[in-house]
Amino acid sequence: MRVVRVAALDRAEPDELSFFANHRYLKEFSGSRAGLVLISSELANEAGRPKCRIVLAKPQEAMLLVLPALYPAAPRESGIHSSAVIGRGVRLGREVAIGAHSVIGDGAVLGDRVVIGPLCDVGRGVAIGADSHLVSSVTLYAGTTLGARVRLHAGVRAGSDGFGYVPSASGIQKVPHVGRCIIEDDVEIGANSTIDRGSIADTVIGAGSKLDNLVMIAHNVRLGRMCLLAAQSGIAGSTRLGDGCMIGGQVGVTGHLELGSNVKLGAGSGVMDDIPDGEMWSGAPARPHREWLKATSAFYKLADRMREIERQLRERGT
Amino acid sequence: MRVVRVAALDRAEPDELSFFANHRYLKEFSGSRAGLVLISSELANEAGRPKCRIVLAKPQEAMLLVLPALYPAAPRESGIHSSAVIGRGVRLGREVAIGAHSVIGDGAVLGDRVVIGPLCDVGRGVAIGADSHLVSSVTLYAGTTLGARVRLHAGVRAGSDGFGYVPSASGIQKVPHVGRCIIEDDVEIGANSTIDRGSIADTVIGAGSKLDNLVMIAHNVRLGRMCLLAAQSGIAGSTRLGDGCMIGGQVGVTGHLELGSNVKLGAGSGVMDDIPDGEMWSGAPARPHREWLKATSAFYKLADRMREIERQLRERGT
Amino acid sequence: MRVVRVAALDRAEPDELSFFANHRYLKEFSGSRAGLVLISSELANEAGRPKCRIVLAKPQEAMLLVLPALYPAAPRESGIHSSAVIGRGVRLGREVAIGAHSVIGDGAVLGDRVVIGPLCDVGRGVAIGADSHLVSSVTLYAGTTLGARVRLHAGVRAGSDGFGYVPSASGIQKVPHVGRCIIEDDVEIGANSTIDRGSIADTVIGAGSKLDNLVMIAHNVRLGRMCLLAAQSGIAGSTRLGDGCMIGGQVGVTGHLELGSNVKLGAGSGVMDDIPDGEMWSGAPARPHREWLKATSAFYKLADRMREIERQLRERGT
């Protein structure tokens, strides 16, 4: 028995490794064609087609350890593709790779082992720290600053002008944006997300933070360290988050707020108030999670009793 | 009288064809300069400027039939543009077209009559079925698989890493993503939408499904066949949908859920529970549509009676 | 004392100018290293490290006036980069600039001083008015029309097919899209936003309107003049907005609605009804703002009293 790839139980072939750690997937397990299954001790004796089983306390974690052996990293691209356009005064570290049709603006500085994928636009004066990777089709506006080991997925736009206008006699006047867009070390940003530059202050994505796809960070926002923002969430202008915040999918946070450290926001919530350290809020408008749970439950319960409530109000009413 | 294009009633010129099928647009009809109007029988005698009228049971459907005659398909691009970059071991079917500045990675396989627009990045080992079309500026990460007759609009990103991290002693550790991103036959995906690859399982967009713009499909999601997802909706990790689901705009579905076939979700709903076949749900958190309608109505009614309710609670209270 | 850049109070260096106009930032002011601070009269005597202070009625507005002196506009790119691909029959005005790796389709017409950044795809027959600017990686589908002084940020897609399908015996059939996408004078559109073309009617973005990042405008939508749409908002098919509307972040408006002029929508609202001129609505489903405020407040209050309400219903119940 030899496995060469991994796959989910219901799609695995005899030369593939899978794992079974949750009773919910018993049906998939019982019919699986996987050649080998990592299995948790409490499920080890479940009836099922896979006969080769390795019993482990945490099969999923074991799986993660096996991956590098089965999937060696793709050979690092290196060198500058002949179709790339390199501006004047660009400084490149050692072993930098620049992909086909990418454009590096005048005066940009790329650290050692930076990888720029194909079709990227790195603006004038951008600075990129060592070992950072722009996957593909990324735009960095002039002056954007990236730390080390930053990973920007396809279609990320960083350093764009914020949404700032003032009404004037001659129509709507644009507020010039001269603040910076600073993305610190070890940040990863998902596909097609957008990070605006600051207007006068800077926009800052704190070290180690991870943003999912289609996330929007407005001008002057400051995210602390190690924040996680799920897909399609958005933080409006000048709001600040502390360290270690966890933001659910499609969350919106309005502008000029202060969220503390380790704040958690439930998926879909809409935040309109400051939130102290360590609290979990949900709902729109968002409230502390327990309060929101209670209100949501009441919302559906009251609807059931509406006729009765109305009758009683009538009987005793004004 | 000769018409050469189509246009809405209020913008049509004398050489343009229009249609009038809904009383709501009577004002636009009465002043229309359209040279010819397809009109439904019940509106045929309305007073209005257009004198040339063709009376039909279903003018809008007739209009769709006329379109191909007035708007012949653009001449198919063909051939490989001299600025395209083609990797090693790429296999191309017959009559493949590759646009300016596109990049095809090593070992990619493109079926007959595939059209790759300009500025696309097709990663290593990608497979694209016959008659598929990447419109412009599309990114396919390495290993992504497309069926036949797939159409990806500008800025689609498919096969990107999912949002998976595990806390570790040394910070937040990235979960490697080795699952595939599989887009089956006849799928169409709107501009700037993103489809992540699987972590260990695969992400699958079922045959015939249509996704609007700015939609987010997370890792390990499986959409059934013929699903319709409106703009800015998002499906979180490992959730599965059956066939024929219709998902409204800005809907969010949290992770690890099972939605049956023919499930309908109202615009803006936020789903946190499994949903059986054939049900329509709405709201956030989503409930069966009728229950949500009732609760929403109660929500606004109770607010009106709040003072009265409070008074009665006081009078009779603990 | 000489300042050469601007910065927020807490990040400013001795060679930087800052401003202090809101008591909320007293802490940042008191420790600021800024070399010079524009300060409002009521805060002029606050204790703090910055000694050089210019007292003004409106420091923030003064700051905007100073910006052009400190940040002269980047030298305008000019000329056509040698890597750009220019189609047949393209007409270019005076002083047009076209960036590296951009593609201009057959028959496109670019007005005087138009700037096309790098990696843009301007489709066949597109018309772009004088002084417009496509920043980077923008896609304009064939036939899209832009007025003068339009600014499209990185990743904008305009003129894509709308999301229109009709069920048919042989599956889901695509509705051809032959309407236009018309973006009038002085419009600015944020990064990665998408504007679909019309199906038969046109999609129109009215003069002077400003759209933030990741906004979605569906087919046949007509926005009036001077509308502001914040990030991640979406307008569904065939809906019309009047002039001067202000749409909050993550708002969704369903299809076929009429919103008057000067309508305001609170962040996150979901609109399902027509709205008359000048009204502010909020919530999902949206209602007039005051009604929504009252209902939201009742929502949380009732939850607090739920036990009591239930007890009373039981005592007096059916």
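User: What makes B:E188 the bridge partner of B:R151 in β22(B)?
Analyst: In this predicted model, B:R151 has B:E188 as its bridge partner in β22(B). Strands are DSSP runs of E, at least two residues, and helices are runs of H or I, at least four, numbered from the N terminus. Local features need pLDDT of at least 70, side-chain atom pairs count only at pLDDT 80 or more, and totals for chains, interfaces and linings use all residues. Residues are numbered from 1 along each chain as its sequence is written, and chains are lettered from A and ligands numbered from 1 in the order in which they are written.

User: How do you know that β17 and β22 of chain B pair?
Analyst: Two strands pair if DSSP finds at least two bridges between them. Strand β17 (residues 151–152) and strand β22 (residues 188–189) of chain B have two bridges, in the parallel sense.

User: What makes β5 and β37 of chain B edge strands?
Analyst: The open sheet has 12 strands, with mixed pairing, in the order β5-β8-β11-β14-β17-β22-β25-β28-β31-β34-β36-β37 (chain B). β5 (79–80) and β37 (287–288) of chain B each have a single partner strand, so one side of each lacks a neighbour in the sheet.

User: How do you know that β19 and β20 of chain A pair, and in which sense?
Analyst: Strand β19 (residues 165–168) of chain A and β20(A) share four bridges, in the antiparallel sense. A:S168 stands opposite A:G171 in β20(A). Two residues form the hairpin link from β19(A) to β20(A).

User: What makes up the contact between chains A and C?
Analyst: Residues are in contact if their C-beta atoms, placed from the backbone, lie within 7 Å. Chain A gives 46 residues and chain C gives 46 residues. On the side of chain A that touches chain C, α3(A) gives the most, with six residues. That side divides into 23 nonpolar, 14 polar and nine charged residues. Ala, Val, Leu, Ile, Met, Phe, Trp, Tyr, Cys and Pro count as nonpolar, Asp, Glu, Lys and Arg as charged, and the others, Gly among them, as polar.

User: Why are chains A and C said to be related as by a three-fold rotation axis?
Analyst: A rotation of 120 degrees, with 0.0 Å of shift along its axis, superposes chain A on chain C (RMSD 0.0 Å). The two copies are therefore related as by a three-fold rotation axis.

User: How do you know that the copies use different surfaces?
Analyst: Of the contact residues of chain A, 20% recur in chain C.

Technical notes
Contact = placed C-beta atoms within 7 Å. Least-squares fit on C-alpha atoms with pLDDT ≥ 70 in both.
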